[in-house]
Amino acid sequence: TAGKPKLHYFDARGRMEAILWLLAAAGVEFEEKLIESSEDLDKLRHDESLVFQQVPVVEIDGMNLVQTRAILNYIATKHDLYGKDMKERALIDMYTEGVADLGEMIMLLPLCPPDQKNAKLTLIRERTTNCYLPAFEKVLKSHGQDYLVGNKLSTDIHLVELLYYVEELDSSLLANFPLLKGLKTRVSNLPAMKRFLQPGSQRKPPGSEKSLEQARKIFKF
Amino acid sequence: MAAKPKLWYFHGRGRMESIRWLLAAAGVEFEEEFLETREQYEKLQKDGRLLFGQVPLVEIDGMELTQTRAILSYLAAKYNLHGKDPKETVRIDMYADGTLELMLMVALAAFKPPEEKEESLALVLKKAKTRYFPVFEKILKDHGEDFLVGNKFSWADIQLLEAILTVEELDASVLSDFPLLKEFKTRISNIPTIKKFLQPGSQRKPPPDSHYVEVVRNVLQF
């Protein structure tokens, strides 16, 4: 139908997964057009409206959007998941950027050369337990509310997605963060999220050797 | 009267320069505290002022904001440089985010060993000439307006001018195939607040040199 957003990406989490989570939380149905070969990517790139020749691309409301953050902010604004004013939005943005920084480290880990992997993993663990998780736990503790900002769901969606990935990496990393565990449970139990977290949804599994190979072929790296 | 925004960073461009540009373009006076020692940085951390232990830090409107994009987005909204509706805002975000990525590549190149630095800067030039500048040239050509979005000066225009001037420092001829961007550069540079910022003695910072790199390495210990 004309209404559904269309997501262009390859068959992996990467930079598109956060957009899936946000659309799912907003209860928005969406279609996915998977890029499966470098020819698919070339076809997409030849469309002149593809701004910077990169994916993710999201077709929504008559526009072809690129740049993950621009897309996320547009969707969050549209579905009232972006705070009630500029100051709340600034806090939301600050938290989202922190989530994205740690998320990026975790996302890029499979691309790390084997001899550097252990060092990278140690760094990720250290940043998770000494920097990022304590920062978010402290925010929740400071106001005692159910959500990070303004007592209303917003970037909690992105944080909870990250918590799932941290847990996949090593479940003991969440051990000392009771409020974050509570947030993860609470957000996961929201009806729209519950559906999305069930098998058979559009959510992507962790990367595999096979999907990394496919990405290398498509993006030629 | 509201206090002036206060910027905490090193005495150089890095991740703070785009913020300086936005404030200057909006005609907002701001103060700066420069990080020169490890002790200053550790104090900021100990005092709990850096959410994720990082600078830039901007004190504004009673908030201690970190994360470059969060700060830029707040300032853009506050000073009416972020479009009139969500569709304009998302276009501004797309364009600004693209050029910001280019600026960060340049900022990070300063910290690489000489051969890698050359490669990085060559890649910046290549991306500017083949990916970013053609897009902006086409946008300006398609609508024929003075500014990138909504026929109104916005954050996207400021960010693009900064990108053009920064890339020109690497290769002065980079705009030779982009006539509309050349006109854009002149036009935006002549906006009074920006003209002022481009004059010597403003708070605009010079390109990174070895002293700057040394201070940053020393303060952040890497």
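**A residue and its chain**

Colleague: Let's start with B:Thr89: is B:Thr89 buried or exposed?
Modeller: Buried means under 20% relative accessible area, exposed over 50%, and partly exposed in between (1.4 Å probe, protein chains only). B:Thr89 comes in at 18% relative accessibility, so it counts as buried.

Colleague: Before we go on, what sort of model is this?
Modeller: It's a predicted model, where local features need pLDDT of at least 70, side-chain atom pairs count only at pLDDT 80 or more, and totals for chains, interfaces and linings use all residues. Residues are numbered from 1 along each chain as its sequence is written, chains are lettered from A and ligands numbered from 1 in the order in which they are written, and side-chain values use heavy atoms, with hydrogens and water left out.

Colleague: Which helix is B:Thr89 in?
Modeller: Helices (H or I, at least four residues) and strands (E, at least two) are DSSP runs, numbered from the N terminus. B:Thr89 falls within residues 86-109 of chain B, and that run is helix 4.

Colleague: Leaving aside neighbours within four places in sequence, what is B:Thr89 in contact with?
Modeller: Contact means heavy atoms within 4.5 Å. For comparison, the C-alpha atom of B:Ala76, 13 residues away along the chain, is 9.9 Å from that of B:Thr89. With those sequence neighbours set aside, the contacts of B:Thr89 are B:His82 and B:Gly83.

Colleague: Zooming out, how many helices and strands are there in chain B?
Modeller: Along the sequence, chain B reads β-α-β-α-β-β-α-α-α-α-α-α-α. The count is 9 helices and 4 strands.

Colleague: What is the radius of gyration of chain B?
Modeller: That's taken over C-alpha atoms, and the globule rule is 2.2 Å times the number of residues to the power 0.38. For 222 residues the rule gives 17 Å, and chain B is close to that, so it is as compact as a globular protein of that length, at 18 Å.

Colleague: How much of chain B is made up of buried residues?
Modeller: Chain B has 222 residues in total. The buried ones make up 53%.

Colleague: Where does UniProt put "domain: GST N-terminal" in chain B?
Modeller: The entry is unreviewed, and such annotations may be inferred rather than shown by experiment. In the model, the span is 36% helix and 20% strand, with its end C-alpha atoms 26 Å apart. UniProt lists it as residues 3-83.
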